[in-house]
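Have the structure open as you read.

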Amino acid sequence: MQRVQILDAAGIGKTLARMAAQIVERSSNERLIYLIGVQTRGVPLARRLAKLIAAATGVEPPVGALDITLYRDDVGPWRAAHQQPVLRSTDLPERVDDRVVVLVDDVLYTGRTVRAALDTLMDYGRPKAIRLAVLVDRGHRELPIAADFVGRQIPSSRSDDVQVRLAECDGEEGVWVEKEVEG
Amino acid sequence: MSRLLIKHARVIDPSQRLDEGLDVLAVDGRIARLAERIEERGAEVIDAAGLVATPGFIDVHTHLREPGFEYKETIASGAAAALAGGFTAVCCMPNTSPVNDTAAVTEFIRKRAEEAGAARVYPIGAVSKGLAGEELAEMGEMVRAGAVAVSDDGQPVRHAYLLRRALEYSLLFGIPVVDHCEDPTLSAGGVMHEGAVSTRLGLRGIPAAAEEVMVARDVTLAGLTGARLHIAHLSTRQSLEWVRRAKNQGLSVSCEVTPHHLALTDAAVSESSYDTNFKMNPPLRSADHVAALLEGVLDGTVDCLATDHAPHHADEKALEFDLAPFGVVGLETAVPVTYDLLVRQHKLPLARFVALWSTNPARLFSLPGGTLKVGSVADLTLLDTEARLPVNPDRFVSRSRNTPFAGRRLRGWPVATILAGKVVWRRERR
Amino acid sequence: MSVAPAPRLRGKDLLGIDPLTAPEIQLILDTADEMAKIAERPIKKVPALRGKTVVNLFLEPSTRTRFSFEMAEKRLSADSLSFSSSGTSVEKGETLLDTARNLEAMQPDFIVIRHRYAGSPHRLAKVLRSSVINAGDGAHEHPTQALLDAMTIRRRLGRLEGLVVAIVGDLEHSRVVRSNVLLLQRMGATVRVAGPPSLVPAQMEAMGCEVHHRMEDAIAGADVVMMLRIQLERQGRMNFPTVREYYDFFALTPERLRLAKRGCLVMHPGPMNRGVEIDSRVADGPQSVILEQVTNGVAVRMAVLYLLAGGNGEPTAD
């Protein structure tokens with residue numbers, strides 16, 4: 001296995017700053033923005049983006065946490081033999097109705113997590129719009145899903161392990177790709 | 001003239017204090033000679049090298065279910081199962097349908113047993129008519145027809161005055177009265193031993209006291225009447241104490257203990273997750289009682305072992321623990337279970353083991369057999385004390401398979417059973 | 001993204017508290033806390049058990065437990081079918097095993113069973129492939145009741161460890177007390193049970209609790225008091241002379257409640273016999289969490305179903 005670092009802590013910081021600026025630029029009314037992080041690493045990312053947006057606009061958007069475990073498509077009837085994944089917390093401090101929800105996640109890959117997040121969110125109410133912000137897009141979509149705000153495109157092969165590590169939950173900070181090495 | 005010669009066996013006969021390598025010659029169904037090297041032309045020869053030869057084992061407590069419950073067992077299948085278990089004779093209890101409370105039914109049982117041509121069957125007649133516990137049945141007529149004892153087993157003799165009358169009356173015929181000691185008002189609704197396990201499992205318990213109050217009562221009446229009392233399937237510490245005391249006082253009180261009460265505790269119900277093959281009456285007791293029973297066997301307070309062989313159909317035992325009938329089969333597991341436990345683990349002398357299964361039962365119930373004295377009937381059991389084999393209920397000769405010992409690997413299996421000088425059963429080579 | 005091995009329930013069934021370890025109990029309670037939030041949402045449903053079938057086999061009458069399971073099943077989007085003891089094949093003399101085998105032929109994923117005979121769920125679990133959940137077997141166990149009781153205590157008092165819990169009533173016939181004693185002491189609480197001596201099962205202390213005959217001794221300084229329902233007559237046998245005598249010695253009255261710690265929780269598995277084992281002033285008073293127990297029951301049952309629907313293996317990629 002070969003582990004290559006794509007972004008360091010400073011790199012993540014700059015990337016998030018750029019994404020925050022893009023989110024602000026695209027919104028017509030900052031007060032509608034509602035950042036909702038997908039458990040687990042999407043949550044600290046959403047919090048950081050909220051702070052960055054506050055610095056830029058003077059308005060700090062609310063931050064929520066969404067656990068999508070109960071809506072995953074790899075559980076339930078189609079799961080062959082699986083761990084029942086651990087349920088994490090869903091905490092939405094405000095209602096989603098009529099807000100512009102920005103879903104935040106660390107890595108966009110097949111798109112199935114986002115599909116589950118959309119279904120979860122729909123059961124909570126009717127947002128005005130839902131946008132998607134991801135720190136890393138590594139390709140290989142299996143569903144017609146695209147991110148509105150992308151930190152970094154990292155082309156990868158399926159056997160690669162794309163690792164996002166954040167200080168809040170992992171103790172270290174950075175983005176790495178672990179590749180399988182031939183021979 | 002039929003002749004059977006058993007060579008090279010270790011012959012154990014407590015009635016003659018015998019324990020040595022001997023040849024045994026049986027002629028026309030009786031023991032003719034015991035000596036170190038016998039040659040006899042024209043005799044059928046069995047090479048019993050490495051085996052133990054004993055007087056045929058006798059089980060004084062079985063339920064053969066016929067007449068009335070042939071779907072569980074018949075006299076023929078039960079007597080055949082007895083042979084396969086190393087028993088040359090059994091006594092069968094009267095809780096059939098109709099109850100064995102008359103000479104006619106006693107006679108029927110004897111006839112069926114003769115037709116079957118398997119182990120000898122000695123009927124035990126009922127104490128009370130219909131087992132109703134109210135009026136004495138015709139003890140004398142039944143004895144004339146072949147009954148060797150009386151009992152209301154399945155249940156106790158409920159009224160003390162009736163037990164008194166039965167004990168007194170039995171003196172006329174010289175037979176023991178066998179009592180199943182249980183106070184039904186204390187045991188009512190219970191399905192296992194009352195203790196920490198029954199509490200944890202949420203099952204209603206049968207307290208040891210339910211047996212002990214009746215043993216105390218019965219022993220007192222034995223003292224009052226001077227008659228012979230035999231306590232069936234004794235299972236608790238205090239019950240044993242009462243029997244010890246009675247013996248110390250010189251009363252004619254004897255008792256039997258079953259293999260399952262020695263080999264298992266009430267924990268088995270929990271460990272097996274409510275398996276009804278661990279449901280019997282008296283129930284499996286807690287470790288303290290089992291320890292007391294083992295002491296009683298080792299110190300001689302326990303006179304004999306008996307199976308309380310109680311066949312039940314698989315459908316009946318497949319019910320919920322509360323609903324399933326009490327009882328387990330025992331004829332085909334009793335000898336290896338008790339050999340393994342008593343002789344191998346607890347170092348009981350082999351001669352004592354033989355006494356518990358043969359000498360004493362014959363003596364207590366005045367049965368032919370139990371001895372290899374010259375002239376006595378040539379009933380023998382040959383045992384293999386070495387081969388370790390598993391209990392396989394699928395191969396049982398009995399019609400029923402409700403055993404708590406399935407899969408247990410044991411030593412002390414019978415390899416041949418000899419009745420009146422003929423080999424009537426042999427273990428197949430596998 | 002690799003995932004650390006998640007805690008899970010061993011085995012395919014929930015037959016009792018006895019086989020559960022403390023971490024497994026913790027997992028169920030943590031999951032139940034999350035499930036409780038679903039009741040707060042506008043759409044009180046998640047698709048987690050979509051396409052799964054649950055058969056509720058209630059062979060002993062019960063409305064509230066059955067309702068609670070049905071609601072839990074529906075909230076997880078499972079298909080729920082209920083059989084109760086009246087008017088079914090069971091009464092035509094069909095054995096439990098045959099009933100269950102017939103049901104299994106229709107391939108339910110779960111069978112929730114309540115039965116008057118202890119050990120019945122165990123029988124089914126051995127023979128059927130479905131996951132079996134014990135909703136109460138005779139006097140043996142009622143695991144989801146103990147779990148919802150624990151959830152209620154945890155949410156109100158913040159923990160289970162170190163608490164003193166008193167359970168009072170007909171201990172002999174109560175599966176609720178057995179499951180609760182096992183769970184609470186496994187999670188580090190001290191349990192004191194009290195009941196009339198004639199209704200205390202043999203060697204109850206061996207289950208891990210203190211046994212008292214005087215209710216006052218059990219309640220003194222307790223953090224939680226759980227009252228059990230008393231039936232004066234069972235199967236034709238009188239367990240206790242009269243209602244009045246029971247009330248005088250074993251009812252939770254406001255006076256007796258004062259012996260407990262301030263803020264002591266008052267609990268009851270229901271249905272209550274007002275004026276027999278519990279005074280209405282206490283049942284309806286500020287310390288009573290009896291209705292919360294009912295709410296939490298749905299969450300706990302959702303958690304159990306969800307966790308048992310799991311198996312072994314790796315989750316797929318995001």
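Is Arg112(B) buried, partly exposed or exposed? Arg112(B) counts as partly exposed, at 34% relative accessibility. Please keep in mind that this is a predicted model. Across all chains it holds 54 salt bridges and 0 disulfides.

**A salt bridge within one helix**
- Arg112(B) pairs with Glu115(B) in a salt bridge, with 3.2 Å between the closest N and O atoms.
- Both residues sit in helix H2 (residues 103-116) of chain B, 3 residues apart, which is about one turn of the helix.
- Glu115(B) counts as exposed, with 55% relative accessibility.

**Salt bridges between helices of chain C**
- Glu292(C) and Arg156(C) form a salt bridge at 2.8 Å, N to O.
- Glu292(C) belongs to helix H11 (residues 290-308) and Arg156(C) to helix H5 (residues 143-157), so this pair ties together parts 136 residues apart in sequence.
- Glu292(C) is partly exposed at 29%, and Arg156(C) is partly exposed at 42%.
- Arg256(C) and Glu216(C) also meet in a salt bridge, at 2.9 Å, N to O.
- That pair links helix H9 (residues 254-257) with helix H7 (residues 215-219), 40 residues apart.
- Arg256(C) is buried at 11% relative accessibility, whereas Glu216(C) is partly exposed at 21%.

**A network in chain A**
- Salt bridges join Arg3(A), Arg165(A), Glu172(A) and Glu178(A) into a network.

- Cys91(B) is in no disulfide, and its nearest cysteine sulfur, that of Cys92(B), is 7.8 Å away.
- Cys92(B) is likewise in no disulfide.
- Cys91(B) is buried, at 0% relative accessible area, and Cys92(B) is buried at 3%.

Definitions and conventions
Residues numbered from 1 in each chain as written. Chains lettered and ligands numbered in written order. Predicted model: local features only at pLDDT ≥ 70, side-chain atom pairs only at ≥ 80, totals over all residues. Heavy atoms only, no water. Disulfide = S-S within 2.5 Å. Buried < 20%, exposed > 50% of the residue type's maximum accessible area, 1.4 Å probe, protein only. Salt bridge = Lys/Arg side-chain N within 4 Å of Asp/Glu carboxyl O. Helix = DSSP H or I, 4+ residues; strand = E, 2+ residues; numbered from the N terminus.
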